[in-house]
Amino acid sequence: MVKNMLFTSAGDNSVFEYFWIDKHMNYDIFVFYYGNGINYEYYKSKVKFIEKRKGSKFQNFLFFYNKYPEIIKNYDYFFILDDDIVLSVDDINYM
């Protein structure tokens with residue numbers, strides 16, 4: 001079975017949870033949270049993985065790649081998105 005990861009860095013003003021999450025997802029969402037703590041627990045309840053860390057999505061993905069190779073090896077595809085990109089679950093599944 002193919003495993004897909006959607007990776008983003010998200011702050012307190014993100015709206016990803018309204019667009020990227022529903023029961024038809026064929027991917028796991030991994031978030032590096034750079035906010036002030038306001039939405040950390042809320043986001044944590046919505047995604048497969050979350051970690052607090054400042055930085056851009058690509059800086060954070062490189063950090064994640066180096067720190068968690070045991071997680072990385074379980075995924076076949078990686079979709080790295082800005083947290084404000086409006087795509088539906090169906091759009092993401094298709095991509």
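## Basis of the values

Because the model is predicted, local features need pLDDT of at least 70 and side-chain atom pairs count only at pLDDT 80 or more, while totals for chains, interfaces and linings use all residues. Residues are numbered from 1 along each chain as its sequence is written, and side-chain values use heavy atoms, with hydrogens and water left out.

## The largest pocket

The largest pocket holds about 200 Å³ of space. A pocket here is an open set of points on a 1 Å grid over the protein atoms alone, where a 1.4 Å probe fits, with protein on both sides within 12 Å along at least five of seven lines. Grid points are joined across faces, edges and corners, and the volume is the space filled by probe spheres set on the points.

The lining consists of N4, M5, L6, N26, Y27, Y77, F78, F79, I92, N93 and M95, where a lining residue has an atom within 4 Å of a point. Two or more of these residues come from each of β1 (4-10), β4 (77-80) and α5 (89-94). Helices (H or I, at least four residues) and strands (E, at least two) are DSSP runs, numbered from the N terminus. By residue class, the lining has eight nonpolar, three polar and no charged residues. Ala, Val, Leu, Ile, Met, Phe, Trp, Tyr, Cys and Pro count as nonpolar, Asp, Glu, Lys and Arg as charged, and the others, Gly among them, as polar.

Y77, one of the lining residues, is found in strand β4. Y77 counts as exposed, because its relative accessibility is 55%; exposed means over 50% relative accessible area, buried under 20% and partly exposed in between, with a 1.4 Å probe and protein chains only. Y77 and L6 are 71 residues apart in sequence, and their C-alpha atoms are 8.5 Å apart in space.

## Aromatic pairs

The count comes to 21 aromatic pairs. Rings of Phe, Tyr and Trp (its six-membered ring) pair if their centres lie within 6.5 Å; planes under 30 degrees apart count as stacked, over 60 as edge-to-face and the rest as tilted. F7 and F64 form a tilted pair, 5.6 Å centre to centre with 40° between the planes. This pair links distant parts of the chain, as F7 is in strand β1 and F64 in helix α3 (residues 57-67), 57 residues apart. F7 is buried at a relative accessible area of 0%, and F64 is also buried at 0%.

A second tilted pair is formed by F61 and Y65, at 6.5 Å centre to centre and 40° between the planes. Both residues lie in helix α3, four residues apart, which is about one turn of the helix. F61 is buried at 14% relative accessibility, whereas Y65 is partly exposed at 44%. Ring pairs link F7, F30, F32, F49, F61, F63, F64, Y65, Y68, Y75 and F78 into a cluster.

## Charges over rings

K52 lies over the face of Y40, at 4.5 Å from the ring centre. R53 lies over the face of F63, at 3.9 Å from the ring centre. A charge sits over a ring if NZ of Lys or CZ of Arg is within 6 Å of the ring centre and within 35 degrees of the ring normal.

## Helix α3

The buried residues of α3 are K57, N60, F61 and F64. Seen down the helix axis, they fall within an arc of 100°, so they line one face of α3. The arc is that of the directions from the helix axis to the C-beta atoms. Exposed residues F58 and N66 are on the face turned away from the buried side of α3.

## Other positions

G37 is in the loop between β2 (28-33) and α2 (40-44) and is partly exposed at 37% relative accessibility. G37 and D12 are 25 residues apart in sequence and 7.7 Å apart in space, C-alpha to C-alpha. M25 is in the loop between α1 (16-19) and β2 and is partly exposed at 25%. M25 and D90 are 65 residues apart in sequence, with 7.7 Å between their C-alpha atoms.

P69 belongs to helix α4 (residues 69-72) and is partly exposed, with a relative accessible area of 44%. The C-alpha atoms of P69 and Y42 are separated by 26 Å, and these residues are 27 apart along the chain.
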